[in-house]
Amino acid sequence: MTKMIKNFLFLKLKDPEICSLLWGLREIFQKEKKPGSHIHITVRGPNKNHFKEEVINNLYNKIEDDSIIIQSAGRFDNGDYQVVYIKVNSTNLHKIWRKPDYPKDEYGVNPHITLYVGSDREYADCIYNFLKKENIALLCNSFELVPYQTKQMIMPYNDSELDLIGGGFRE
């Protein structure tokens with residue numbers, strides 16, 4: 001089968017305490033499959049072409065002085081699977097946001113860190129209610145923009161193979 005490569009740009013959090021907390025929550029919540037990716041926010045993609053270093057640096061310059069605010073639970077049902085996440089915001093994040101599959105005009109800007117993806121709707125509700133009750137609020141000043149590349153099979157869909165790109169990271 002033919003493979004299609006998609007390129008993304010992640011805002012990777014680098015604060016060890018925040019990452020440890022969010023990673024720990026993800027590991028607890030993710031009972032169906034082990035979480036693989038670092039704590040991140042997808043800010044661009046999918047793109048056909050990889051992100052050039054100059055573009056990444058220009059985008060980073062727009063947000064480098066921002067503080068990333070992490071708070072407030074969210075969730076959505078995508079038919080076959082449930083997603084629970086914690087919302088993220090910053091002053092300038094919207095300036096670098098570009099997700100062709102979810103155009104700003106139609107979907108707005110919805111930066112988030114996914115904490116659960118799975119098929120159990122009732123379990124997703126429990127996680128969502130727990131996160132709302134706990135009202136987690138974090139502030140992160142240590143982050144970087146990282147290119148990411150996913151290989152996926154045209155049929156059936158498979159996004160588990162991930163490649164390291166330049167200074168990027170692996171799942």
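A salt bridge here is a side-chain nitrogen of Lys or Arg within 4 Å of a carboxyl oxygen of Asp or Glu.

**Before you start**

This is a predicted model, in which local features need pLDDT of at least 70 and side-chain atom pairs count only at pLDDT 80 or more, while totals for chains, interfaces and linings use all residues. Residues are numbered from 1 along each chain as its sequence is written, and side-chain values use heavy atoms, with hydrogens and water left out.

**Stop 1: the whole chain**

Show the cartoon. The chain has five helices and eight strands. Both are DSSP runs numbered from the N terminus: helices are H or I with at least four residues, strands are E with at least two. Starting at the N terminus, the order reads β-α-β-α-β-β-α-α-β-α-β-β-β.

Now colour by accessibility. Of the 171 residues, 41% count as buried. Buried means under 20% relative accessible area, exposed means over 50%, and partly exposed lies in between (1.4 Å probe, protein chains only). Next, turn to contacts, meaning heavy atoms within 4.5 Å. Among contacts with a separation of 6 or more, 73% are between residues 24 or more positions apart.

**Stop 2: E144 and K12**

How many salt bridges does a search of the whole structure find? The search returns three. Select E144 and K12. Their side chains meet in a salt bridge, at 3.8 Å from N to O. E144 sits in strand β7 (residues 143–153) and K12 in strand β1 (residues 3–13), so the pair ties together parts 132 residues apart in sequence. Is K12 buried or exposed? K12 is buried, at 17% relative accessible area. E144 is partly exposed, at 26%.

**Stop 3: D125 and R75**

Select D125 and R75. They form a salt bridge, and the closest N and O atoms are 3.3 Å apart. The pair links distant parts of the chain: D125 is in helix α5 and R75 in strand β3 (residues 68–77), 50 residues apart. Both ends are partly exposed: D125 has 31% relative accessibility, and R75 has 25%.

**Stop 4: D77 and R121**

Stay with strand β3 and helix α5. D77 and R121 meet through their side chains in a salt bridge of 2.1 Å, N to O. D77 lies in β3 and R121 in α5, distant parts of the chain 44 residues apart. D77 is partly exposed at 36% relative accessible area. R121 is partly exposed too, at 44%.

**Stop 5: α1 against α5**

Two packed helices are described by the angle between their axes and the distance between the axes. Select α1 (residues 16–29) and α5 (residues 121–134). Their axes come within 12 Å and cross at roughly 150°. That makes α1 roughly antiparallel to α5. Axes are lines fitted to C-alpha atoms, for helices over the stretch in contact, with angles from 0 to 180 degrees between N-to-C directions; over 145 degrees counts as roughly antiparallel.

Which residues meet here? Show L25, I28 and F29 in α1, then Y123, I127, F130 and L131 in α5. By class, this contact has seven nonpolar, no polar and no charged residues. Nonpolar covers Ala, Val, Leu, Ile, Met, Phe, Trp, Tyr, Cys and Pro; charged covers Asp, Glu, Lys and Arg; the others, Gly among them, are polar.

**Stop 6: C19**

Select C19, also in helix α1. C19 is buried, with a relative accessible area of 17%. Leaving out residues up to four places away in sequence, C19 touches L13, K14 and I39. Finish with a C-alpha to C-alpha distance: C19 and H38 are 8.1 Å apart in space and 19 residues apart in sequence.

Conventions:
Angles under 35 degrees count as roughly parallel, over 145 as roughly antiparallel, 65 to 115 as roughly perpendicular and the rest as oblique.
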